[in-house]
Amino acid sequence: MRVRMQIIIACLAIFIMPTRALALWEAEAKLMYDSNVNRSVVEEESDTALDALVTYNRVSDPERRLDWTLRATLEGAAFAQTQELNFLGLSLSPAVVAAPAHWWLVRIGPFLQARTVRDNDQSAWALGGAVNLEQQWSPFWYSGEYYAYTDSRARDEIYAFTEHRAGIFVGQNWTGSLFSELGYEYASGDSFQTIPTATITTTVTSRGRGYRRGGYSTTFGADVVRDDVTRYTGTLTIGYAAGSFTPYLGYRYSRGRGDLGTTNTHEASAGLRYMF
């Protein structure tokens, strides 16, 4: 009992003891292109969207070996064609931060996400946890690894999912302002996909074992199926930090394999981030 009390007191001390915490605000807007917005294995449909978000960051004291952080984000997006995908979301991500060495950070914490979508069947909330490792090898380059688990519950069960994600990234600061970052991610879990109604009988019957059919979606103009999917994703980001402003370009390629078939998605974005 005494040991438990000591642990509780130590955890509370992390939050109560005064720190030189730095609070940062970020505002960001980006134009996005998605080549497979309907997640189709047969007939991909592309769309563009304008995404905007505001983030509050409680940053830890770099001189402390043990501290905590908090990230809260309000985000919204509007799509040009598939307007039923327009959404407004809120996420909270507290974390305990440990610094085993001056060049190495470990972040562990839960997260909560809530999203309301114009297509109300896709409105959802999610709980999860993440572990992040970050290494600053020199002033010019850094790397990181992460693992995250997400359990999302949607209004319509066909859009609900659980997912395990693990990834790695490497970044290079070419100058005091110009930077680039490469990333790779492996994910496994269930995910919704769409398939034309005329082909669902032959395709699902001959190949599908881990799927669940959810019926016809007016948003996508196709049948929606929840499938067991393994996804491989590569990302590239190039940006230029000019004072409080950071314009950037991003590219993301994702390949998902499930019982229904394979999906390929190309995403491109151009954005501007402002810190204040």
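Visitor: Which residues does Tyr186 touch, not counting residues up to four places away in sequence?

Guide: In this predicted model, Tyr186 is found in strand β9. With residues up to four places away in sequence left out, the contacts of Tyr186 are His164, Arg165, Ala166, Thr230, Arg231 and Tyr232.

Visitor: What distance separates the C-alpha atoms of Tyr186 and Thr233?

Guide: Thr230, Arg231 and Tyr232 are among the residues that Tyr186 touches. Thr233 stands 47 residues from Tyr186 along the chain, yet their C-alpha atoms are separated by 6.6 Å.

Visitor: Is Tyr186 buried or partly exposed?

Guide: A residue counts as buried under 20% relative accessible area and as exposed over 50%. The value for Tyr186 is 36%.

Visitor: Which element gives the largest share of the lining of the largest cavity?

Guide: The count comes to one cavity of 30 Å³ or more, and the largest cavity has a volume of about 40 Å³. The elements giving two or more residues to its lining are β9 (178-195) and β11 (222-240). Five residues, the largest share of that lining, come from β9.

Visitor: How many charged residues are in the lining of the largest cavity?

Guide: The largest cavity is lined by Glu163, Ala187, Ser188, Gly189, Asp190, Ser191, Val229 and Arg231. Asp, Glu, Lys and Arg count as charged, so Glu163, Asp190 and Arg231 belong to that class. Beside two nonpolar and three polar residues, the number of charged residues is three.

Visitor: Which residues lie nearest the centre of the second largest pocket?

Guide: The second largest pocket holds about 330 Å³ of space. Its lining is made up of 16 residues. Those nearest its centre are Ser60, Asp61, Pro62, Glu63 and Leu105.

Visitor: Which element gives the most to the lining of the second largest pocket?

Guide: By class, this lining has seven nonpolar, two polar and seven charged residues. At least two residues of the lining come from each of β4 (87-101) and β5 (104-117). With three residues, the element that gives the most is β4.

Visitor: Is Ala101 buried or exposed?

Guide: Ala101 lies in strand β4. Its relative accessible area is 19%. The limit for the buried class is under 20%, so Ala101 counts as buried.

Visitor: What distance separates the C-alpha atoms of Ala101 and Gln135?

Guide: Along the chain, Ala101 and Gln135 are 34 residues apart.

Visitor: Which residues does Gln113 touch, not counting residues up to four places away in sequence?

Guide: Gln113 is found in strand β5 and is partly exposed, with a relative accessible area of 36%. Its C-alpha atom is separated by 8.7 Å from that of Ser93, 20 residues away along the chain. Leaving out residues up to four places away in sequence, the contacts of Gln113 are Leu90, Ser91, Ala124, Trp125 and Ala126.

Visitor: What phi does Arg39 have?

Guide: Most residues other than glycine have a negative phi. Arg39 lies in the loop between β1 (22-34) and β2 (47-59) and is partly exposed, with a relative accessible area of 36%. Although Arg39 is not a glycine, its phi is positive, at about 50°.

Visitor: Which residues do ring pairs link into a cluster?

Guide: Rings of Phe, Tyr and Trp pair if their centres lie within 6.5 Å. The structure holds 11 aromatic pairs. Ring pairs link a cluster made up of Trp25, Tyr56, Phe245, Tyr274 and Phe276.

Visitor: At what distance from the ring centre does Arg115 lie over the face of Phe87?

Guide: A charge sits over a ring only within 6 Å of the ring centre. Arg58 lies over the face of Trp68, at 4.1 Å from the ring centre. For Arg115 over the face of Phe87, the distance from the ring centre is 3.7 Å.

Visitor: Among contacts in the protein chain between residues at least 6 apart in sequence, what share joins residues at least 24 apart?

Guide: The protein chain has two helices and 13 strands. Of its 276 residues, 39% count as buried. Among contacts between residues at least 6 apart in sequence, the share joining residues at least 24 apart is 56%.

Note on methods. Residues are numbered from 1 along each chain as its sequence is written. This is a predicted model: local features need pLDDT of at least 70, side-chain atom pairs count only at pLDDT 80 or more; totals for chains, interfaces and linings use all residues. Side-chain values use heavy atoms; hydrogens and water are left out. On a 1 Å grid over the protein atoms alone, a cavity is a set of points where a 1.4 Å probe fits but cannot get out, and a pocket is an open set with protein on both sides within 12 Å along at least five of seven lines; lining residues have an atom within 4 Å of a point. Grid points are joined across faces, edges and corners, and a volume is the space filled by probe spheres set on the points. Helices (H or I, at least four residues) and strands (E, at least two) are DSSP runs, numbered from the N terminus. Rings of Phe, Tyr and Trp (its six-membered ring) pair if their centres lie within 6.5 Å; planes under 30 degrees apart count as stacked, over 60 as edge-to-face and the rest as tilted. A charge sits over a ring if NZ of Lys or CZ of Arg is within 6 Å of the ring centre and within 35 degrees of the ring normal. Buried means under 20% relative accessible area, exposed over 50%, partly exposed in between (1.4 Å probe, protein chains only). Contact means heavy atoms within 4.5 Å.
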